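Look over the sequence and the fold shown here. The report then goes through selected residues, helix pairs and aromatic rings.

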Amino acid sequence: MTPTTVLTIAGSDSGGGAGIQADLKVFAALGAYGTSVLTAVTAQNTQGVDAVLPLPPRTVTEQLESVLGDFTIGAVKTGMLGTPAVADVVAEAARDGRLPQLVVDPVLVATSGHRLGVVGAVERLLPYARVATPNCAEAAAITGRPVDDVAGMVAAAEALVAGGPEYVVVTGGDLDGGEAVDVLHGGGVTTLLRAPRVTTRHTHGTGCSFSAAIAVRLALGDPVPAAVGAAKEYVLRALTGARSWELGAGRGPLDHFGWSA
């Protein structure tokens, strides 16, 4: 049986825990064939981002044309876009209806704290998103309002949906508390998704993996709420599996393939 094909448009992670590398792992783990368009090259590991080299918009366009010209894409996710010019390339393809089931992960700051994107680049894509998946810091940066509790997450999700995306998931993994609470809003309905918080320092690539998992489930035919719920369960398992790993000296990657399950 021919597998469903999913596309990631994002930056690289030389440490393999986030970005393009993490997305492709998630696609494979969940049964999809992964394709990719690289927006930037980074030098990074579990301890931080040492350098970022954005690719020229023309190079991004050429990759995108190659992939879309040969594969039938079931869903697309975007991560780090790097520059507004690159975002314009991606937004044009989305506007033309060439990026189905678009999941926008508005990567603005890496787990290490290194700034990877600009708000203006993300805003270019939001009107075309089926789902947008900001964390609290990203939601705050885009909306210009504080997002530091569940009430703030709800308000941010509602404001973002009003600006374009069909659904928004504001993820709360960075907040304190015994539960990891995400807020899903769309179609006039707000849902709180709760799961036990996993105590671990290995959280590198959590946002990338979550949005990539949503894209796979959408490509396989799930409605958005079911896709988001399945992605949250997947990330919970991946975080749990990597708790005792010793890959790198900093914030390590997730157990994408369930090796430690």
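His-204 is buried, because its relative accessible area is 8%. Buried means under 20% relative accessible area, exposed over 50%, and partly exposed in between, with a 1.4 Å probe and protein chains only. The model is predicted: local features need pLDDT of at least 70, side-chain atom pairs count only at pLDDT 80 or more, and totals for chains, interfaces and linings use all residues. Residues are numbered from 1 along each chain as its sequence is written, and side-chain values use heavy atoms, with hydrogens and water left out.

His-204 sits in the loop between strand 10 (189–196) and helix 7 (206–219). Helices (H or I, at least four residues) and strands (E, at least two) are DSSP runs, numbered from the N terminus.

Thr-206 belongs to helix 7. Thr-206 counts as partly exposed, because its relative accessibility is 22%. A polar atom of its side chain lies 2.6 Å from the backbone oxygen of Thr-203. Leaving out residues up to four places away in sequence, Thr-206 touches Val-235, Leu-239 and Leu-254. Contact means heavy atoms within 4.5 Å.

**Helix packing**

Axes are lines fitted to C-alpha atoms, for helices over the stretch in contact, and angles run from 0 to 180 degrees between N-to-C directions.

| Helix pair | Axes come within | Crossing angle |
|---|---|---|
| Helix 2 (57–68) and helix 3 (84–95) | 8 Å | roughly 30° |
| Helix 1 (19–29) and helix 7 | 9 Å | roughly 40° |
| Helix 7 and helix 8 (224–241) | 8 Å | roughly 140° |

Helix 7 is oblique to helix 8. Angles under 35 degrees count as roughly parallel, over 145 as roughly antiparallel, 65 to 115 as roughly perpendicular and the rest as oblique. Residues of helix 7 in this contact include Thr-206, Phe-210 and Leu-218. Helix 8 brings Val-224, Tyr-234 and Leu-239, among others.

Helix 1 is oblique to helix 7 as well. Here Gly-19, Ala-22, Asp-23, Val-26 and Phe-27 of helix 1 meet Cys-208, Ser-209, Ala-212, Ala-213 and Val-216 of helix 7.

Helix 2 and helix 3 are roughly parallel to each other. Pro-57, Val-60, Thr-61 and Leu-64 of helix 2 touch Ala-85, Val-86, Val-89 and Ala-93 of helix 3.

**Aromatic rings**

How many aromatic pairs does the structure hold? There are three. Rings of Phe, Tyr and Trp (its six-membered ring) pair if their centres lie within 6.5 Å; planes under 30 degrees apart count as stacked, over 60 as edge-to-face and the rest as tilted. The Phe-257 and Trp-259 rings are stacked, because their centres are 5.6 Å apart and their planes at 25°. Phe-257 is partly exposed at 38% relative accessible area. Trp-259 is exposed at 65%. Together with Trp-245, Phe-257 and Trp-259 form one aromatic cluster.

**A loop residue**

Leu-175 is in the loop between strand 8 (167–170) and strand 9 (179–186). Residues up to four places away aside, Leu-175 touches Cys-136, Asp-148, Asp-149, Met-153 and Arg-197. Its C-alpha atom is separated by 28 Å from that of Ser-14, 161 residues apart along the chain.

Technical notes: Polar contact = N/O pair within 3.5 Å; in protein donor to acceptor, adjacent residues only side chain to side chain.
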